[in-house]
Every structure is written in C-alpha cells, then in structure tokens.
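Me: I've got a model loaded and would like to talk through a few spots in it. Can you take my questions one at a time?

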Amino acid sequence: MAALSCPLYPRSYRTYPHVKAKVSISCSMQASQANVKVIINGAAKEIGRAAAVAVTRARGMEVAGAVDTRFVGEDIGQLCDMDPLEIPVINDLTMVLGSISQSKATGVVIDFTDPSTVYDNVKQATAFGMKSVVYVPTIQPDTITALSALCEKATTGCLVAPTLSIGSILLQQAAIQAAFHYNNVEIVESRDNARDFPSPEAIQIANNLSNIGQIYNKEDLSTDVLARGQVLGEDGVRVHSLVLPGLPSSTTVYFSGPGEIYTLKHDITDVQSLMPGLILAIRKVVRLKNLVYGLEKFL
C-alpha cells in the first residue's frame, strides 16, 4: 500500500532571500509498511543523542546509523542511556550509506554537523538515493543555493531547517500578523554562550517582517547609536543580543503602538523542544523531490 500527502500552504513572506521561490513542492509515492532508516550525522552531540532517542521512540522509523568523530565504536543506544541498539558510532558516512542502501529501504540522513561539510554530506546521501534533513543554523547562503541546484538536478528531497522548534515557528508567524498593525518593533534575543549573532532565528524574523512593505521605528531610523542595536535589512527592524551564562535560549519580539505594547516570547530550555519538529521533518522529507527551506512549510 502506498500513500501520498504533501500539502503546501502558500506564505506571503520571505522564506530565504538567496533561493528563488518555488511555486510547488514536488512529492513522490512511498511505501508505508517499512520503517524509514535514519542515519544521524553528528550523533555524539547533545542534539544527536536526543535525536537517537526520539527516532527510536517514534512510529515508522528507526536509527540505522550513527556517525561522529567522537565515541567511535560505542553503541549509540548505550551512549544515549537506552538499551543497546547494536549500532556502533563510526566516523565514515560513506560506509554507513553504502550499508543502508543495499537494503533498498527508504533512508534519511539527519545532518547536525558543520557548515563546511553540509554540501558534501548531502551530495553523498543523494548519490546513495537518500534524503537529507539539515539542521545547521549557521549554514551560509551560497551553500543553500548550491544544495538547491544539487537537489533539483538529482530530483531528490532535502529539508533545510533554520529551526526545528515548532514554538519558534509559531512565534515567527504571530510576528508577521502583528507587523501589519504596529509601526515599532524590536527583537531581543538571549543565549548562554557567545555564538554567531544575530541568530538565525532573529534574522528569519527580521526577513519576514521586512517583506511586508512596512517601515519600522521611523522616529530613530537613521540613528547610529550602537546601543540601539543592529538594524537588519532596510526596514528598520532592530535586534539586540544578550549573552549571559545561565540564560535560556530566548527570543522576544516587542511591538508598540499608541498606549500599548504587544510582546511575543519564546524560550528554549532543553534540546527536547526540537524533537517534535525533527520527527515531522523526517516524515515530510521522504516524499520531497527538491529542496525546501523552512519547516514552517509543513505546519
């Protein structure tokens, strides 16, 4: 028995400025009986271990490979405080792909690695007939463009997710609705350690808000006072980034109008918050035949 379900609800906001928008998402028929074989690239990371647990518990999929340069030879199940899965961590993605491809099963590679290796990883997965879910928040625009061309040429699916947090996506969607009603907006984000700032989440929110033709914060649009934060885009959206040990990963969007302030806030306190989005991404990517940027296309 086979099933096909791949709805696309058009959005009026920007998905990614460096990739041309697609009118439709291509899908393919997939057998529904066999489990999807999931390979976790970056399995020893905190998010990789959480992914191994989530995939093991999810219906219709199973961990079939674990790739990392750390904990090589250790059972991925035991590494995640589960019963042994009899799947050792190895540091050779090609070897795992070759082994899984021989079974003719549907395979998905989850990439938690590094921006410099993402393209080659997806290229290898594609060569073995497997789809990819990429969660590497600092991935560069030119890499997205190259991946899009690769997937289109190979007619294969790849989902690049700047965030796997469903709560973060809902905040972005709520911010778009609010932006039609307010002329002043500021984004404040916090992290417990210094990473690339502004964050991909803040950039995505600013891009979305800048795509609706609104000019924000007109009163001090031209100020060059550094304490006023960084302006993203040309529409006056300002971002302020805090780095303090102990802070949760948080994004807050403040809107204001005459006599009122409207606040949207989303906190991430544990990597487990990303797992529902990851499982959704795996279920959707198996039917894709091109690159899709953003998990929000499937909410």
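Me: At what angle do the axes of helix H6 and helix H7 cross?
Reply: Keep in mind that this is a predicted model. Two packed helices are described by the angle between their axes and the distance between the axes. For H6 (residues 166-179) and H7 (residues 200-210), the axes come within 9 Å, and the crossing angle is roughly 30 degrees.

Me: Are H6 and H7 roughly parallel or roughly antiparallel to each other?
Reply: Their axes cross at roughly 30 degrees. Angles under 35 degrees count as roughly parallel. H6 also passes H7 in a right-handed crossing. So the pair H6 and H7 is roughly parallel.

Me: How many nonpolar, polar and charged residues are in the contact of H6 with H7?
Reply: On the H6 side you have Ser 168, Leu 171, Gln 172, Ala 175, Ile 176 and Ala 179, and they meet Glu 201, Gln 204, Ile 205, Asn 208 and Leu 209 in H7. Sorted by class, that contact comes to 6 nonpolar, 4 polar and 1 charged.

Me: Which elements do the buried residues of H3 pack against?
Reply: H3 covers residues 93-101, and its buried residues are Leu 93, Val 96, Leu 97, Gly 98 and Ile 100. At the start of H3, a side-chain oxygen of Asp 92 gets to within 3.1 Å of the backbone nitrogen of Thr 94. As for the packing partners of those buried residues, they are strands E3 (36-41), E4 (61-67), E5 (89-90) and E6 (107-111), plus helix H4 (118-127).

Me: Is His 240 buried or exposed?
Reply: His 240 sits in strand E11, residues 237-243. Its relative accessible area is 18%, and the cut-off for buried is under 20%. So His 240 is buried.

Me: Which side chain makes a polar contact with the side chain of His 240?
Reply: Leaving out residues up to four places away in sequence, His 240 touches Glu 186, Ile 187, Val 188, Glu 189, Ala 227, Arg 228 and Gly 229. The side-chain polar contact, at 2.5 Å, is with Glu 186.

Me: Which residues does Asp 220 touch, not counting those up to four places away in sequence?
Reply: Asp 220 is in the loop between H7 and strand E10 (230-232). With 23% relative accessibility, Asp 220 counts as partly exposed. Its C-alpha is 8.9 Å from that of Gly 236, 16 residues apart along the chain. The residues that Asp 220 touches are Arg 228 and Arg 238.

Conventions
Residues are numbered from 1 along each chain as its sequence is written. This is a predicted model: local features need pLDDT of at least 70, side-chain atom pairs count only at pLDDT 80 or more; totals for chains, interfaces and linings use all residues. Side-chain values use heavy atoms; hydrogens and water are left out. Axes are lines fitted to C-alpha atoms, for helices over the stretch in contact, and angles run from 0 to 180 degrees between N-to-C directions. Helices (H or I, at least four residues) and strands (E, at least two) are DSSP runs, numbered from the N terminus. Angles under 35 degrees count as roughly parallel, over 145 as roughly antiparallel, 65 to 115 as roughly perpendicular and the rest as oblique. A crossing is left-handed if the near helix is turned anticlockwise from the far one by less than a right angle, and right-handed if clockwise. Contact means heavy atoms within 4.5 Å. Ala, Val, Leu, Ile, Met, Phe, Trp, Tyr, Cys and Pro count as nonpolar, Asp, Glu, Lys and Arg as charged, and the others, Gly among them, as polar. Buried means under 20% relative accessible area, exposed over 50%, partly exposed in between (1.4 Å probe, protein chains only). A polar contact is a pair of N or O atoms within 3.5 Å; within protein, one must be able to donate a hydrogen and the other to accept it, and residues adjacent in sequence count only if both atoms are side-chain atoms.
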